[in-house]
Amino acid sequence: MKIALMKHAKMRRAAGAALVLVFCAAARTEAADLMFELGFEDGLKPGGNLTGLVITERGGGLAESDHGKAWQFDGKSALEISVPTRETLSFAAGDQFTVQTRVRLEQAKTTGALISKGSGGSYRLSVGPDRTLGFSYYAQGGWRAYTGKDYPLPLGEWSEVAVQYDGSDRILTLLVDGKLAGKFPIEAQVQSRDAAPLFIGGTVNPESGEAKGLMAVMDDVRIYKGLKYPLAGNAEVGSVIYAPNSASP
């Protein structure tokens with residue numbers, strides 16, 4: 001099912017729930033500018049310039065949670081958000097950005113992408129083995145991936161997870177509930193300068209259209225230009241789990 005998202009449009013389902021997508025470059029949150037927000041609660045209203053963004057539901061559905069509506073992913077589902085131009089939701093080399101969401105894992109051994117850009121991907125925030133938070137990105141002909149060693153995500157409980165990147169210092173940071181889970185100096189800049197779709201809760205095979213992802217509930221997906229979590233120090237925390245190569249993690 002595809003939904004075209006227009007300015008000031010409000011989308012309602014038979015159950016009365018609203019699927020809300022927000023794209024606004026002017027909103028301000030702490031030291032970061034809110035670029036994109038996706039929520040599922042009644043009463044939220046989209047704002048900013050939404051023309052041209054399209055969301056395609058590839059399985060899953062609304063679920064009740066302890067803080068309202070959220071999106072239930074069953075391991076074979078994802079939300080696909082098409083963007084009209086390469087400038088939409090893009091990061092240039094040297095930019096600062098933060099990608100953030102709330103997630104509740106429903107199965108102990110579930111692994112997969114929380115938020116990713118592109119089917120092959122330009123970047124991916126994911127849950128790895130032992131429920132650790134990870135981030136991978138494509139640069140200079142190969143994938144580079146990192147995982148946090150502390151603060152594995154709890155099972156059946158909500159966690160706020162995020163990755164942020166300071167392109168001026170080339171420091172990549174992983175956070176769980178605002179706590180440092182991984183911090184890495186990196187060599188190749190993280191950037192995303194294409195019109196590939198954004199995926200939530202999983203990834204989609206571009207040939208078959210089949211989705212694969214997490215057994216989880218997600219809410220409050222946000223992308224910022226800038227650093228949402230100011231952190232001091234440059235010590236490396238966590239580990240590099242993939243050396244740069246041409247294979248997707």
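The pLDDT is the predictor's confidence in each residue, on a scale from 0 to 100. In this predicted model, local features require a pLDDT of at least 70 and side-chain atom pairs are counted only at pLDDT 80 or more, whereas totals for chains, interfaces and linings use all residues. Residues are numbered from 1 along each chain as its sequence is written, and side-chain values rest on heavy atoms, with hydrogens and water left out.

The protein chain has an average pLDDT of 75, and 73% of its residues score at least 70. Residues 1-30 have a pLDDT below 50, although the model gives this stretch 97 contacts beyond near neighbours in sequence, a contact being defined by heavy atoms within 4.5 Å. The pLDDT is also under 50 over residues 232-249, for which 48 contacts beyond four places in sequence are present in the model.

The largest nonpolar core comprises 45 residues, of which Phe36, Leu114, Leu125, Phe135, Tyr137, Leu198 and Ile200 touch the most other members. Such a core is a set of buried Ala, Val, Leu, Ile, Met, Phe, Trp, Tyr and Cys residues joined through side-chain atoms within 4.5 Å, where buried denotes under 20% relative accessible area, exposed over 50%, and partly exposed in between (1.4 Å probe, protein chains only). With neighbours within four places in sequence set aside, the contacts of Leu114 include Val103, Leu125, Val127, Leu133, Val161, Phe199, Ile200, Leu214 and Met218.

The structure holds five salt bridges, each defined by a side-chain nitrogen of Lys or Arg within 4 Å of a carboxyl oxygen of Asp or Glu. In one of these salt bridges, the side chains of Arg222 and Glu37 meet at 3.0 Å, N to O. Because Arg222 lies in strand β21 (residues 215-225) and Glu37 in strand β5 (residues 32-39), this pair ties together parts that are 185 residues apart in sequence; strands are DSSP runs (E, at least two residues), numbered from the N terminus. A salt bridge also joins Asp220 to Arg102, with the closest N and O atoms 3.4 Å apart. Asp220 lies in strand β21 and Arg102 in strand β10 (residues 96-105), so that parts separated by 118 residues in sequence are tied together by the pair. Asp220 counts as buried at 17% relative accessibility, while Arg102 is partly exposed with a relative accessible area of 22%. The side chains of Arg104 and Glu106 likewise form a salt bridge (3.0 Å, N to O), in which Arg104 counts as buried at 15% relative accessibility and Glu106 as partly exposed at 36%.

Positive phi values in residues other than glycine occur at Arg170, near 55 degrees, and at Asp177, near 50 degrees. Arg170 lies in the loop between β15 (158-166) and β16 (171-176), and Asp177 in the loop between β16 and β17 (179-185).

Notes: Helices (H or I, at least four residues) and strands (E, at least two) are DSSP runs, numbered from the N terminus.
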